[in-house]
Amino acid sequence: MLHRTLLLLLVLAVAVAASAPQQNYSFKIAKLKYNGGGDWYANKTSLPNLIRFCNQNLNMNIAPEEAVVEVGSPELFAYPFVHMTGHGNVVLSDAEAQNLRNYLTSGGFLHIDDNYGMDKYIRKELKKVFPDQDLVELPFDHPIYRQKYAFTNGLPKVHEHDAKPPQGFGIIYKGRLVCFYTFETDLGNGWEDQEVHNDPEPIRQQALRMGANILSFALTQSPTL
């Protein structure tokens with residue numbers, strides 16, 4: 001009797017799921033889960049808000065909730081855009097570094113947003129991924145700053161930490177920007193619900209617009225070489 005009841009419940013669940021309206025999204029983006037103790041899960045409301053902004057203002061069709069993908073997982077290749085954040089330590093094994101390199105050199109894109117405290121760790125780990133490449137600061141006339149929204153002075157400043165200007169660094173592989181690292185800006189904090197950090201709305205809008213630029217560029221760029 002118990003087995004028959006469970007089977008009936010399963011059939012009902014499948015029927016309900018099948019009858020529910022389905023939304024066909026063009027793609028899904030993901031947050032990167034990494035080891036080392038850093039809070040990869042930070043800024044819980046940031047990506048849903050960025051996705052909503054891009055869908056409304058850039059006519060994108062992104063699934064409303066991001067996935068979570070581990071850096072060493074083959075599932076990484078299912079996402080054209082992956083976001084990474086945190087305040088602390090990052091450790092990539094050799095296998096994880098190789099998987100991330102394969103993803104990036106195969107057409108994937110990684111946006112890293114230092115949430116304050118990540119810089120010294122992520123720079124070291126990126127050398128495992130691209131030992132022959134260095135992070136280079138992108139000039140203010142780079143196309144990533146000139147998508148739908150123009151940022152003639154580079155990244156917006158969302159939060160103050162060390163009284164340093166925000167900087168945008170990249171790794172370029174065969175003419176394509178495969179990794180964009182935003183430093184001293186806290187873009188992800190600017191994407192969060194307003195009540196999380198109580199940032200003024202104009203600052204939040206600047207952060208969302210820059211995030212939209214990053215996503216737009218990542219999905220449409222062409223190699224320069």
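**Figure 1. Glutamate 137 in strand β5.** Strand β5 covers residues 136-137, and glutamate 137 is part of it. In this predicted model, the residue has a relative accessibility of 41%, so glutamate 137 counts as partly exposed. Look for its partners from elsewhere in the sequence: leaving aside neighbours within four places, glutamate 137 is in contact with Gln167, Gly168 and Phe169.

**Figure 2. Isoleucine 51 in helix α2.** Here we turn to a residue of helix α2, isoleucine 51. Its relative accessibility is 1%, which is why isoleucine 51 counts as buried. Not counting residues up to four places away in sequence, isoleucine 51 touches Ile29, Ile62, Ala63, Pro64, Glu65 and Glu66. For one of these, Glu65, the C-alpha to C-alpha distance from isoleucine 51 is 7.8 Å, at a sequence separation of 14 residues.

**Figure 3. The largest nonpolar core and its neighbour.** This view takes in the largest nonpolar core, a set of 31 residues. Within it, the residues with the most contacts are Val82, Met84, Leu100, Leu110 and Ile112. Both strands and helices supply two or more residues each: the strands are β1 (30-33), β2 (67-70), β3 (81-86), β4 (109-114), β6 (167-173) and β7 (176-183), and the helices are α3 (94-105) and α4 (119-129). Apart from this core lies another, made of 29 residues that include Ile29, Leu50, Met60 and Val158. As general background, nonpolar side chains in soluble globular proteins tend to be buried together.

**Figure 4. A closer look at leucine 110.** Which residues does leucine 110 touch, once those up to four places away in sequence are set aside? They are Leu32, Val82, Met84, Leu100, Leu104, Val178, Cys179 and Phe180.

**Figure 5. Helix α7 and its packing.** Helix α7 runs over residues 201-220, 20 residues in all. From first C-alpha to last it reaches 28 Å, close to the 28 Å expected at 1.5 Å a residue. Its buried residues are Arg204, Ala207, Leu208, Met210, Gly211, Ala212, Asn213, Ile214, Leu215, Ser216, Phe217 and Ala218. These pack against the helices α2 (46-57), α5 (187-191) and α6 (194-197), as well as the strands β3, β4 and β7.

**Figure 6. Where α2 meets α7.** The axes of α2 and α7 come within 9 Å and cross at roughly 75°. With that angle, α2 is roughly perpendicular to α7. On the α2 side, the contact is made by Asn49, Leu50, Phe53 and Cys54, while α7 brings Arg204, Gln205, Leu208, Arg209, Gly211, Ala212 and Leu215. Sorted by class, the contact has 6 nonpolar, 3 polar and 2 charged residues.

Figure 7. Is lysine 174 buried or exposed? At 63% relative accessibility, lysine 174 counts as exposed.

Methods: Residues numbered from 1 in each chain as written. Predicted model: local features only at pLDDT ≥ 70, side-chain atom pairs only at ≥ 80, totals over all residues. Heavy atoms only, no water. Core = buried A, V, L, I, M, F, W, Y, C linked by side-chain atoms within 4.5 Å. Buried < 20%, exposed > 50% of the residue type's maximum accessible area, 1.4 Å probe, protein only. Helix = DSSP H or I, 4+ residues; strand = E, 2+ residues; numbered from the N terminus. Contact = heavy atoms within 4.5 Å. Expected span 1.5 Å × (residues − 1). Axes fitted to C-alpha atoms, helices over the stretch in contact; angles between N-to-C directions. Parallel < 35°, antiparallel > 145°, perpendicular 65-115°, else oblique. Nonpolar A, V, L, I, M, F, W, Y, C, P; charged D, E, K, R; others polar.
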